[in-house]
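Hello,

Here is the structure I said I would pass on. Please have it open while you read the notes below it.

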Amino acid sequence: MTDYSIIGKRMPRVDSRAKVMGKARYTADLKLPGMLVGKILRSPHAHAKIVNIDTSKALALPGVKAVVTGADTEGVKWGVFAYTRDQQFIQTEKVRYIGDEVAGVAAVDEETALAALDLIHVEYEVLPAVFDPMTAMTTDAEPIHEEFPNNINIHVNIDTGSVDENFKKAYYIREDTFTAPEESYFHGEPYAVAARFDADDCLEIWMPNGGPHMKSKPLSNAFKIPLHKVKVRKITIGGAFGGRSEICPADYICALLAKKTGCPVKIVFTREENTIATRQGHAMITTHKTGVDKEGRVLARETTCYMDGGAYSSTGPIATSVPFLSMEQAYRMESVRYNGYRIYTNKPIRGMIRVHGRGFACGLDTQLDMIAEHLGIDPVEMRLRNSRQPGEFTSTGSQVWSCAMDETIKKAAAAANWHEKFGKLPPFHGIGIGTNSVQTGFPMGIRGGSQSFIKFNEDGEATVMSGVVDNGQGNENMLVQIAAEELGLLPEDIHLVSADTETTSSDPGSYSQVSTFVGGQAVKNAAANCRKKLFDVAAKILKTDPDKLTAKNRMIFVTDHPEKSVSIKKTVRVALLNFTSVNAEGGYWPRVDMKREWVSNPYGQMCEAFSFGTTIIEVKVDPDTGQVTVLNAVACQDVGKALNPLVLEGQFEGSVAMGGQGGMLTEYHDWREGRCLNPTMLEYKVPLACDMPEITGIIVESVDPRGPYGAKEAGMSIAMSAAQAYAGAVSNAIGVYMDSFPLTPDKIVAAIREKRQAVK
Amino acid sequence: MQTIDITLTVNDQQQTLPVKSNDTLLEVIRDYLDLTGSKEGCGEGVCGSCTVLLDGHPVRACLTLALEADGCAVTTVEGLADEDTLSPLQQSFIDHGAVQCGFCTPGMLISAKALLDENPSPDRQKLRQALSGNICRCTGYAKIVDAVAHAARPESGCPDCHTKDSGGDHD
Amino acid sequence: MRLPQFTYHSPDTLEGVLALLDEHRDNAGVLAGGTDLLVRMKHRLAVPKVLVSLKHLDTLSYIKETSEMVSIGAKTPIIDVIRSNRVQQQAPALGQACERIGAVSIQHFRGTIGGNILQDNRCIHYNQSQFHRTGRQPCHKDGGKICYAREEADRCNSTCQSDGAAALMALGAQLNLCSSKGERQVSLDAFYTTDGIHPFDMQPDELLTRIDIPIVPGAVSVYQRLSFRSAIDYPIVCAGVRLVPDPDDAGCIKSARIVVGAMGRSPLFLAKVSQSLAGKRFDDIAAVAQAGKDAMNTAAAFAAHNAGAALPYRQAMVETMVIRALELAAAQASMKIAR
């Protein structure tokens, strides 16, 4: 194995010093001279026509500098795909959910801005609204979007053929339906955006984002200004979890207010706005029908999923596909048919989230456990019999080059003492296993690749330019580690210019678990090119061949004669004096099947690498109250190569909290006619320090042949598999297979009581 | 609206500030003093990102009127380090990877400091209790608990000490 | 979130506070720790024109004990109640309740015992932002004629989710209320209206100054509650019990007080169920089980679907909470006998 000096080491993150000192600035912390406070007027109705908007009273209020409505916009509709452009940033004709943007105001202070909102008079004609997908498909009422009859926004159909024939061959077939309501991100940081136009009419804008280049293009479209005039700036970001991936109407409204007033404007969301007016996770109703042979191997599977998409498309085609993809990557199936429907309802917009499709995934694993029990197979063995193997193709034709799924299952089972515990625990104690797989990078079209530029400074330190954004997961540190490793410098010698659309090249952002694989690889290539130039200079100084040099610890030396060395600083200075460039660029473009498309052609190489995770959870259930105590948590993932185990463990632990503890025990949204009843952390039960178990994280390294140093996605496979493991553990503890998630105490008590009744 | 002068000793610096009656302590330290380390994550006393020490005790700055703090000593995250020298608690957060997005970190550090000031060697369960008024969405609390435990007993392990004892508990 | 505007007073004396309350009456709000009131003000559920701060009334922060009672000043911080030996010995249920209030860094230092008792009733449909409450008919408490928690209800069904109040009612506590006209004592049992909009039988010029908990020789008390999270959570159901042993037969219950909380507009003192335990032995499992069932059947009717969890679950859990509290109290009693 290659001996790295920085890669693979437990390195404290470079961004944490500013954060522990309170010096890291997030968007809400920004202050610009003359800055105004922006606020957004949102629809109080789930579905209504806008008859008239009167802003005159608001405009007349002293201190109000501007009011904008749909009439002030260019009328551009936005969508992630050409065929999903259904959302205006300020509504002109009708509103489609409680929270839809209707107007924006900018005023000298918050009190005035809030008072102005109250003075905007909007006349609505309330329309019948639909709040659940099954009703939405059959209602005679006016569709939410005219272009989409029956409110069906997206239909993904995947069929590998031979499904019906294989069901006929099956030894045992089960069909079960599983449901789960919406969940939310609850990022630490509520959404915020600050914007101003500079002297050259360029828009300068700061906001939490999953990729600055993903923000600049829609903004340039919406304002009909050239792309270079939109400068998305770097800012510290307080969490994303998939919920910062897209443009937010507030970005546009804030910029529009800045344009109109000629002043900087800042909009800071309330916690409630962050919940209802950014994105949420989809509610789902999933039916899995699975046919297996006598040994429990899956011969045929048919899955139908109805997803509550809310009012707009968002990342609909992707969201409708990802739960299926995670399944087909993790588990072999001889044949499969999938019908995923994303349906519009008059509820907040659903997008990407860390645990994509808990109802889907937990249902699948629960059903595997049911089948295993019927056939007398241990759940761990059941998974090993169906697990993905390296070199194979998924059902839709992606080759999986690196895969250590079996190793994750076996190591997790060993660490959790599975075989000593499963079936042998006392009453109301249970143990459950979940396994899942996550994509490293989706086809992203023009912004699928990343490019980096590195320049040496005359003091021998290097500035690295990259479009990669850090949402809190540690991407900046990842880039620093890679650049330092490749250049032979120390982490403190690397200076990042990142996540800024003016100074960095196109990059897919932290979207689709791709930052390390694509953005990191771009920096690695740029640094390798840079090093090559350095070595050319150093070779002359050391009177040797560039191939014979190594760079480490700020020195360049002859590999076989380390005593022959020159400092990088001196090498750079010699290069500058000789007018020789030691700057370089590098890029990385994932080799995927560019003809693959989410809806029209869901076949071909999806992405370059797939990660695999197994989580095992042991619980104790209080049979009287239904409350669950987690006794043990083991999270094990094939991450390809751990670039920084300290950071990866943090991802694992956070994933168990969000996907498992919160996602499977306490977190869900409650509604009354489209009105979210628990938009804040008081009623939406995000786990606390006392709720969490201690977690054992195990890193498995399959060393992906295409990943940087062998690395691929890390963490999300744990979030998904943790949800499945929690579900399995609770079901195992109470002896009832649960089909409605999350497993709140009321459902657990009801299941226990029902079982007791049945026994009587 | 009229303003009233209050005196605050913020991070050992005494200041007189004109405030409005409806200004919260959080608004005053963030907007008037530009100490933006303390965050508003919910505005209603739940998330804990705005936790500061008021005369040594942890309080929610978003639910404390500035006027109520008149005459008090306030410690914010900016007051934990001695110039550029980090406190052992801050250093431990860095060493143990307890910081991810960092938004909850200032409040978490303040709650941890309040605990350690009063109880220099809490067990892990006490420690979890003391931090349970601070919501972290990134870490699952594991490395935060490690970091505070290590700061309490630096002799007990290396920067990556993994001496785990019994876990969380519901009741 | 911005607070509405108000005029702020922080009198140095009790008399000063009472004079202001007398002057401003319904327009005044009393600010102790602010952990309940300020949130409601941010949501514009309360918009007092005048805030009267108790900041300088340190004379209302104390825990005293006489042979008859433990007295707690209304402004005593929750943390002091938790740490008080007197409370732990004479009124353990109150200490247990206070430990569960909010979280260490929220309520324990700023929150006060008086504030906890007087925290407004809550409802998931009402305790929402101003934005949430627009575009729909206002509910009773919001000035309208609808109850979202219970169909067809002609009045407000908001729920009292105070931990402290349920425990104190079980302990038979009395409240001392002062106004500029004088002071009066009222038992917690008699302190509640049946109106969720104005849950307390208290005049706008009155101030809660003291809580008296009678000391009953040999009595044991326990508080149990259920929530979905380990902290920062209101109870979805809770129970406080106090059992007094027969002086002539320590194994026998002389009298019981069973209170169920978070199930109605006020904590519910279940007189009949309590009465059923008088004369029973502490280890009478059947009697305890029956009391749990009866408590559930009595309390269930008071609850509305407004505290987050499913209503049938909360109702069913009354039985569990009451039985657990009684069992723990009985265990305490037998330990006392053993000593």
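In this predicted model, the centres of domain 1 and domain 2 of chain B, taken over C-alpha atoms, are separated by 21 Å. Domain 1 of chain B covers residues 4-79, and domain 2 of chain B covers residues 88-156, according to the domain assignment. Where they touch, 15 residues come from domain 1 of chain B and twelve residues from domain 2 of chain B. On the domain 1 side, β3 (51-54) and β4 (57-60) of chain B each supply at least two residues. β3(B) gives the most to that side, with three residues. Sorted by class, the domain 1 side has six nonpolar, eight polar and one charged residues.

Next, chains C and A. The contact brings together 23 residues of chain C and 25 residues of chain A. On the chain C side, α8 (130-133) and α12 (311-338) each supply at least two residues, and α12(C) gives the most, with four residues. The chain C side divides into 13 nonpolar, seven polar and three charged residues.

One residue of chain C is also worth a look. Asp212(C) sits in strand β8, residues 207-214 of chain C. Is Asp212(C) buried or exposed? Asp212(C) counts as buried because it has 21 C-beta neighbours inside 10 Å, and the cut-off for buried is 20 or more. Leaving aside neighbours within four places in sequence, Asp212(C) is in contact with Met69(C), Ser71(C), Ala173(C), Gln174(C) and Asn176(C). Gln185(C) is 27 residues from Asp212(C) in sequence, and their C-alpha atoms are 9.4 Å apart in space.

Regards

Key
Residues numbered from 1 in each chain as written. Chains lettered and ligands numbered in written order. Predicted model: local features only at pLDDT ≥ 70, side-chain atom pairs only at ≥ 80, totals over all residues. Contact = placed C-beta atoms within 7 Å. Nonpolar A, V, L, I, M, F, W, Y, C, P; charged D, E, K, R; others polar. Buried ≥ 20, exposed ≤ 12 C-beta atoms within 10 Å, placed from the backbone. Domains from an automatic or database assignment.
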